[in-house]
Amino acid sequence: MLYRENGQFKTSYAADQQIFPIAQDRYLILALVAAAFVLVPGVASEYMFRAILIPFLILSLAALGLNILVGYCGQISLGTGGFMAVGAYAAYNFLVRIDGMPAVAAILMGGVCAMAVGVLFGIPSLRIKGLYLAVATLAAQFFCDWAFLRIKWFTNDSSSGSVSVSELHLLGWTIDTPADKYLFCLGFVLLFALVAKNLVRSHIGREWMAMRDMDVAAAVIGIRPVYAKLTAFAVSSFFIGVAGALWGFVHLGSWEPAAFSIDRSFQLLFMVIIGGLGSIMGSFFGAAFIVVLPILLDILGVAVGFNTALASHLTFMVFGALIVFFLIVEPHGLARLWSIGKEKLRLWPFPH
Amino acid sequence: MKLKTLVVGTAAAAALIGATFSTPALAQAKEQFFPVLVYRTGPYAPNGVPFANGYVDYLKLVNARGGINGVKLVFEECETGYATDKGTECYERLKGKNGGATVFQPLSTGITFALTEKAPVDKIPLITAGYGRSESQDGMVFKWNFPIAGTYWVAADALIQQLGKKEGGLDKLKGKKITLVYHDSPFGKEPIPLLQERAKLHGFELAMLPVAHPGVEQKSTWLQIRQSRPDYILLWGWGVMNSTALKEAVATGYPREKMYGVWWAGAEPDVKDVGMGAKGYNAVTMQHGTETNSKIAQDILKELHAKNLGTGPKEEVGQVLYMRGLMSAMFAVEGVKRAQERFGKGKVMLGEQARWGYENLALDQKKLDALGFAGVMRPVSTSCADHMGANWARVHTWDGAKWAFSSDWLQADESILKPMVRAAADKYAAEKKIERRTPADCQS
């Protein structure tokens, strides 16, 4: 009923090539975006912004970046946390070392630096594949951890190794309230999601997917593996670097290398796998699952009256069980569940 | 997956979300809210649990005695697992509850750094009793941070003084090799500037060996120690890192008598596994040590544990970290009591008013005796310029079964500390574009 497409005819190529060819989808997403921009800042509490919405948005962006690499191009990476750290520290350095550097430019430059590092660590992917590549990218993670802990220059000679960013400005708009920060992140995420969606629909995205599905066959039909793999690494690291810079600048305000530890890499990889490999929507689902669910379980546990230690242990157990459950029920992730739901709704209420 | 299951699942999830976020705003009178950030799970839990128990027990004790001039305390724990992001989430979750948080004690240097940015905005004071950022002693820049009764710089300074005493004068440290084995995090790096300053002053050789989180991987560190044979080791460790270091010292044959820990590395859980192997190991204490016989510990046993109201096992009462929690909670409560003297007795204090209390703490010997802290600690008196209020420390030594004091009271050398605090605070103020507070602001 809800998804009946009767009468929706595509009369031009442009209409056929839209991101959301079905009208219901289009309006739903438009309404969602509008609500996110207009409704949410009015109703959400400060706790919602700071503890849930902002981390969710930023980690969605990072998951989006990782999904391009892992989901679309098939190159497993465990260096995500490291690339986020590169983005954050590079952006920090641009901000403190260049007078009058605008925050947005610093964040984007952070992304560019992460892109450079990402391409550098992506070079081994030309020779090694699968699990071996995962180990090679792990080196990126450890190298970044080491560099930001040890090389004092990166932290502007901070004695404790912790750096902080003071207030952010964007064209005269001072970003200090939680709602401002949320809108700032939302802008970034929306823009980057749009870019990602269009990239994966274009010829470059098809090259990535061809590499993922079978690299030898892809090379035979004329796709250059070097170009395809390195662009995937570049785009993915750029996204992740920007997410890292936002994580430091907007979410934490002051951070240390531990904020981008190996745990973060695993967390993001889980987001991508649980959300759905090779799906833009899935990155958001995955981020929501990993960010919001533990907090919900924890709050619920405490509300029910468990003591904090027990609640925290239960959260771990339930969360772990849910991950296993979801992967058994639907190995292709939450995004696949979503599309199954849509398929069913197309036939509802008269399945045939 | 069937559509029905999907729909039911979604509905259940939505109900769960709704239930969680629609916590009713209860209007309660005469209740002072103390959020409690703890870590009872994770790699540092063995040390975090006694602290949390002590903290909560003190709040319970105050309530059992009728609250702060009749104002009951309410408290709620939030589990941080010693992770910075979870800590900030807890902060956001608790800061507005029950009429607003009185004070936060982050219990982690990383969380302290993150909250230092947020506290001035939300107008909630932060107490970091004995830890946190050392330059926050300067209240003229750090209006909302209170490292009451000690910072890592005080601890490091006291340790160097103790080493000097052992050698027969600070000048005898010249040419000695002192190695800092530290937890590779802001916490572990905090003492480095002071030690470097002291090294310059006395001419000892300072080597620094970082140990990665959580601290069980120390083989290479101790290989280096075996090679360089330092005269003294300062251990800036936490949790499992401490007992590992002691075991490695036993294996390497490094004399434990020459090892000095920070106060996070000088409690029962750190040495218990090593037992006799740790005999002779020293650690600095920020004033108190194991105080099982102190009046306050006895009071808690009598008024809480005897009535089955206590938190955690009875044997823990009076241990080093338990006492630490107790003392931290005492500061939190005494600040509110002090604030009531100005803003009205028997009233609920807002965060801003409590801040005044923490800035004007005047815990003299008489008050301490009345609270049951006689012999546990020295008087503390904070001011607008000095948010620390006392800079005393002692060293205690593990004799294989218990901790016992092995030094006199040591006072950190203000002539060294003051310029460092000032310089670091000025640097912070310049970075953040904060103006130093004026004397008029001190009255606020």
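A: Let's start in chain B, where B:Arg324 lies over the face of B:Trp263, at 4.3 Å from the ring centre. Keep in mind that this is a predicted model. Now look at what else B:Trp263 is doing: B:Trp263 forms an aromatic pair with B:Trp264, and that pair is stacked. The ring centres are 4.1 Å apart, and the planes make an angle of 25°. To call a pair stacked, the planes have to be under 30 degrees apart, so the 25° here passes. Both tryptophans, B:Trp263 and B:Trp264, are buried.

How many aromatic pairs does a search of the whole structure find? Over all chains, the search finds 38. Another one of them brings together B:Tyr91 and B:Phe104, with 4.7 Å from centre to centre. Their planes are 55° apart, and this pair counts as tilted. Why is this pair worth a second look? B:Tyr91 belongs to helix H3 (residues 84-94) of chain B, while B:Phe104 sits in the loop between H3 and helix H4 (109-122) of chain B, so the pair ties together parts that are 13 residues apart in sequence. B:Tyr91 has 0% relative accessibility, so it counts as buried. B:Phe104 is at 0% too, and therefore B:Phe104 counts as buried as well.

B:Leu107 lies in the loop between H3 and H4 of chain B, and B:Leu107 has a positive phi of about 60° although it is not a glycine. Is B:Leu107 buried or exposed? With a relative accessible area of 2%, B:Leu107 is buried, because anything under 20% gets that label. But B:Asn308 is found in the loop between helix H11 (295-303) and helix H12 (320-343) of chain B, and at 73% relative accessibility B:Asn308 counts as exposed, since the cut-off for that is over 50%.

B:Gly335 is at 0% relative accessibility, so it counts as buried. What does B:Gly335 touch, leaving out residues up to four places away in sequence? The list is B:Ala354, B:Gly357, B:Tyr358 and B:Leu361. Check out B:Gly357 in particular: B:Gly335 and B:Gly357 are 22 residues apart in sequence, yet their C-alpha atoms are 4.4 Å apart in space.

Next, a helix with two sides. In helix H8 (residues 219-228) of chain B, the buried residues are B:Thr221, B:Trp222 and B:Ile225. Why do they end up together? They cover an arc of only 90° around the axis, which puts them on the same side of H8(B). The general idea is that an α-helix has 3.6 residues a turn, so residues three or four places apart point the same way. On the face turned away from the buried side, H8(B) carries the exposed residues B:Lys219, B:Ser220 and B:Gln227. And what covers the buried residues of H8(B)? The cover includes strand S5 (177-183), strand S6 (205-211), strand S7 (232-236), helix H9 (240-252) and strand S8 (259-261) of chain B. Just after H8(B), B:Arg229 takes a positive phi of about 45°.

B:Thr179 has its place in strand S5 of chain B. At 3% relative accessibility, B:Thr179 counts as buried. Not counting residues up to four places away in sequence, B:Thr179 touches B:Ala207, B:Leu209, B:Pro230, B:Tyr232, B:Ile233 and B:Leu234.

To finish, here's a charge over a ring in chain A. The charged end of A:Arg224 sits over the ring of A:Tyr227, 4.6 Å from its centre. Chain A has an aromatic cluster to look for too, made of A:Tyr89, A:Tyr92, A:Phe148, A:Trp153, A:Phe154, A:Phe249 and A:Trp255.

Conventions: Residues numbered from 1 in each chain as written. Chains lettered and ligands numbered in written order. Predicted model: local features only at pLDDT ≥ 70, side-chain atom pairs only at ≥ 80, totals over all residues. Heavy atoms only, no water. Buried < 20%, exposed > 50% of the residue type's maximum accessible area, 1.4 Å probe, protein only. Helix = DSSP H or I, 4+ residues; strand = E, 2+ residues; numbered from the N terminus. Arc of directions from axis to C-beta. Contact = heavy atoms within 4.5 Å. Phe/Tyr/Trp six-rings, centres within 6.5 Å; stacked < 30°, edge-to-face > 60°. Lys NZ or Arg CZ within 6 Å of the ring centre and 35° of its normal.
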